[in-house]
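Let's take a walk through a structure together, one piece at a time. Have a look at it first, and then read on.

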Amino acid sequence: MNCKKAGMLISASVDGELSPSEEQEFLLHLVECKECRIEFDDAKKTKMIIQEKIIQFKAPDALIVSIMQLSGFNTKEHEETLLYE
Amino acid sequence: MDKTDPTRQTKTRTKKESLSREERQKQLEFQNEAVAHLNALYNYALHLTMNPSDAEDLVQETYLKAYRFFNSFERGTNCKAWLFKILKNNYINRFRKNSKEPGKVDYDLIKDFYHTIKDTRSDTSESENDYFHSLLHEEVYQALHSLPEEFREVIQLCDIEGFTYEEIANMVESPIGTVRSRLYRGRKLLRAQLEGYANKYGFNNNDQ
């Protein structure tokens, strides 16, 4: 495997999206290529930063209530909208 | 629906007392399958619109549509991915038309967004007066938003929402190979943006 091909597999490997044979080939390349190894580590760290630092917001209570009503038909309005629109 | 559909007649007749059995079952199934993803959808909508009330509208609209078309949801497939796709289409139809120039990053908007949203509930557990932490978040958020949308989108869907490449490919209507290369290129760009950040906050020191 050359660096160009390995480069295209870096993200997929970080995300666990390679087939076992692709993964094996890719890892073999990493063993012998320092540059790709660095790139691979960088991609992993980048993913980690995004996962750790981007805040995940929760839906406000009012929204949860209104969605529950929507699917539970607790209000006449929603019933009309959903059934006959 | 066909006017002569017998279920519809029944439904109309008994509307006041109760819904048809199928309708009840649909409700129940919808609640089990779809409502579970409410937080993820709201979070995604908020990151897209950067405005809490727009995000709520978007989520409302998404659930309304999802319920209406719930019969076309393929059982056994990923309901979260299905909902995200509906939300994304809604977003494009409603908000993107009158958005600002693509590729331009409005740092003030991001700053405002972070400051209005900082006090609301989040999944990240941190003390409320942890201003230092929110500054860190802001820096990463700006880096993410500096990416062209096609790259930012796949990174969000993959890293934040945890979708598989196949699901992402379906959502963005591109082949898996395209998703792969967008993630690769997007992460490279992001990496360059975050280089200083990673050095400053020790992400480059914790070698495994």
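What follows is a short tour, going from one chain as a whole to single residues.

Before anything else, keep in mind that this is a predicted model. Let's begin with chain A. Chain A has 85 residues, and 44% of them count as buried. Its accessible surface comes to about 4400 Å², with 53% of that belonging to carbon and sulfur atoms.

Pick out helix α3 of chain A, residues 34–53. This helix has 20 residues and reaches 28 Å from its first C-alpha to its last, close to the 28 Å expected at 1.5 Å a residue. Several of its residues are buried, including A:Cys36, A:Phe40, A:Ile49 and A:Ile50. The buried list for α3(A) also has lysines on it, among them A:Lys45 and A:Lys47.

Now for the core. In soluble globular proteins, nonpolar side chains tend to be buried together. Here, the largest nonpolar core has 77 residues. Which residues have the most contacts inside it? They are B:Val59 and B:Tyr63.

Next come the aromatic rings. The structure holds nine aromatic pairs over all chains. One of them is B:Phe30 with B:Tyr63, an edge-to-face pair at 6.1 Å centre to centre, with 90 degrees between the planes. B:Phe30 lies in helix α2 (residues 21–33) of chain B and B:Tyr63 in helix α4 (residues 52–68) of chain B, so this pair ties together parts that are 33 residues apart in sequence. Both B:Phe30 and B:Tyr63 are buried.

B:Phe30 has another partner, B:Phe70. Why is this pair called edge-to-face? Because the ring centres of B:Phe30 and B:Phe70 are 5.1 Å apart and their planes stand at 90 degrees, and planes over 60 degrees apart count as edge-to-face. This pair also links distant parts of the chain, 40 residues apart, with B:Phe70 in the loop between α4 and α5 of chain B. B:Phe30 is buried, at a relative accessible area of 0%, and B:Phe70 is buried at 0% too. Step back and you'll find B:Phe30, B:Tyr63, B:Tyr67, B:Phe70, B:Phe73 and B:Trp82 forming one aromatic cluster.

The charged end of B:Lys26 sits over the ring of B:Tyr67, 4.3 Å from its centre. B:Lys80 lies over the face of B:Phe163, at 5.0 Å from the ring centre.

Finally, a look at the backbone. Most residues other than glycine have a negative phi. B:Met50, which is not a glycine, has a positive phi of about 55 degrees, and B:Glu173 likewise has a positive phi of about 55 degrees without being a glycine. Where do they sit, and are they buried or exposed? B:Met50 is in the loop between α3 and α4 of chain B, and at 14% relative accessibility it counts as buried. B:Glu173 is in the loop between α9 and α10 of chain B, and at 61% relative accessibility this residue counts as exposed.

Conventions: Residues numbered from 1 in each chain as written. Chains lettered and ligands numbered in written order. Predicted model: local features only at pLDDT ≥ 70, side-chain atom pairs only at ≥ 80, totals over all residues. Heavy atoms only, no water. Core = buried A, V, L, I, M, F, W, Y, C linked by side-chain atoms within 4.5 Å. Buried < 20%, exposed > 50% of the residue type's maximum accessible area, 1.4 Å probe, protein only. Phe/Tyr/Trp six-rings, centres within 6.5 Å; stacked < 30°, edge-to-face > 60°. Helix = DSSP H or I, 4+ residues; strand = E, 2+ residues; numbered from the N terminus. Lys NZ or Arg CZ within 6 Å of the ring centre and 35° of its normal. Expected span 1.5 Å × (residues − 1). Areas by Shrake-Rupley, 256 points an atom, 1.4 Å probe, with all protein chains shown as cover.
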